Amino acid sequence: MSISKIINTGAEFQPFNVANKIKTTNWVTLFTVFISAIYTLLYLFILNEVKVGLFNLAFTISYALGLLFMRFRAITNAKLWFFSVLMLHVWVCTNIFVSKESGFHLFYFLVPSGAFLLFELDQQKEKIALSILATLLFFYCENTLNPDPLIILSSDLNSTIYQSVVFFIMLELVVISAMFNQQIGQHEMQINKTATTDKLTNCLNRNYFFEEGQKQLEIANTNSRPFSLILTNLDNFKRVNDEHGYLVGDEYLVYFANVINHMCKNGEKVGRISGEEFVITLPEYTKAEAEKFANKLNLQIENSPFISSGNKTIFNTISMGIAVRNSSNTIGELVSIADTALFQAKSMGVGNIDIIEQMA
Ligand SMILES: Nc1nc2c(ncn2[C@@H]2O[C@H](COP(=O)(O)OP(=O)(O)OP(=O)(O)O)[C@@H](O)[C@H]2O)c(=O)[nH]1
């Protein structure tokens, strides 16, 4: 089983934020299995303490069992299991295997930050309960002498183990912080995408298109450069839905958006401003160039029928209205002019283009 498969255990088909936390939990679990395995090897092969080594191996396996909970989608239980095993393990190390001089109980410091990283935002009870429990256990271990440890360590070995504990805590803190940063970054990207993009076609959504289009238009207005805009409308799209079903209609919209996007290589912005209406900004395009672009798009759609995933062939046409900037417009005004042109194109039948050039 590959590492990425283990990391993704239980995350399949989960919403983005839940999947993120599951993957992080699986990472932390794997990392802890790795650290615990190192101590198992230390007990078995350096200290020659077979009984303690086997005990520690049982804890190492117990951490890994958390992945089984994930596999069966018991997500909260998997997280609670992880922290329970961790706290019990630290307690056994400090109070049975060796003594507090080893510093094993410092691992309790990781519990609050780990709990806040791994549990969901609304799982306050779990986070607070685990943090309080870890604090209490830390003070219990700190103030309890273990007069009869299973392994009596020299002060040098105690010091080595103490330093290894501090090292692993630092390492885990770095890993936890890096994951935290990554989670925040991914969430920001996701929020940004949702706020700006049309989910079906990946074109700009209506609001963001108007923002971006306005920026482009202001540059053109300031520098008195050509600027055109095309409003496209699929002809008789209702019939596509009615004849082939809504899902095929969706596929057609994605196909249409891809055709437009493939033609846009010079900073044009493509937005989906309503169900079957797309709008394209054409910075630096004169009237003739905009017309050429529209004709090319028209031909592309008319000459290449769309074949759906269920092998349905759809021939369709588009109508377009073009607005050409000739004075200081807002993007809203240009879309509205293009809409008038589109209305005129539609009134002539299907597959037509009409163009309105603003007088200066
Ligand atoms: N599949 C799918 N259909 C959509 C979506 N958004 C809008 N529609 C459909 O688009 C169709 C638009 O219908 P109309 O406004 O009558 O347009 P039309 O059939 O293209 O007619 P004309 O524009 O006059 O050529 C309706 O059937 C809507 O349900 C979408 O996201 N997916």
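**Exercise 1.** In what order do the 5 strands of the open sheet line up, and what is the pairing?

*Solution.* Before starting, note that this is a predicted model: local features need pLDDT of at least 70, side-chain atom pairs count only at pLDDT 80 or more, and totals for chains, interfaces and linings use all residues. Residues are numbered from 1 along each chain as its sequence is written.

Step 1: read off the order, which is β2-β3-β1-β6-β7, with mixed pairing. Strands (E, at least two residues) and helices (H or I, at least four) are DSSP runs numbered from the N terminus, and two strands pair if DSSP finds at least two bridges between them.

Step 2: look at the edges. β2 (270–274) and β7 (353–357) each have a single partner strand, so one side of each is left without a neighbour in the sheet.

Step 3: Neighbouring strands are turned by 20° against each other on average, direction ignored.

Step 4: zoom in on one pair. β2 and β3 (residues 277–283) run antiparallel over 4 bridges, and valine 270 has isoleucine 280 of β3 as its bridge partner.

**Exercise 2.** Find which strands helix α12 touches as it packs on the sheet.

*Solution.* Step 1: α12 (residues 331–347) touches β1, β3, β6 and β7, and its direction makes about 140° with that of β6. Contact here means C-beta atoms, placed from the backbone, within 7 Å; axes are lines fitted to C-alpha atoms, for helices over the stretch in contact, with angles from 0 to 180 degrees between N-to-C directions.

Step 1: list the buried residues of α12, which are Ile331, Leu334, Val335, Ile337, Ala338, Ala341, Leu342 and Ala345. They span an arc of only 160° around the axis, which puts them on the same side of α12; the arc is that of the directions from the helix axis to the C-beta atoms.

Step 2: turn to the other side, where Gly332 and Ser347 are exposed. Buried means 20 or more other C-beta atoms within 10 Å of a residue's own, exposed 12 or fewer, and partly exposed in between, with C-beta atoms placed from the backbone.

**Exercise 3.** Where does phenylalanine 13 sit, and where is arginine 73?

*Solution.* Step 1: phenylalanine 13 is in the loop between α1 (3–7) and α2 (16–46), with a positive phi of about 65°. It is exposed, with 8 other C-beta atoms within 10 Å.

Step 1: arginine 73 lies in the loop between α3 (50–71) and α4 (75–97), and its phi is positive too, at about 60°. Arginine 73 is partly exposed, with 15 other C-beta atoms within 10 Å.

How values were computed: Two residues are in contact if their C-beta atoms, placed from the backbone, lie within 7 Å.
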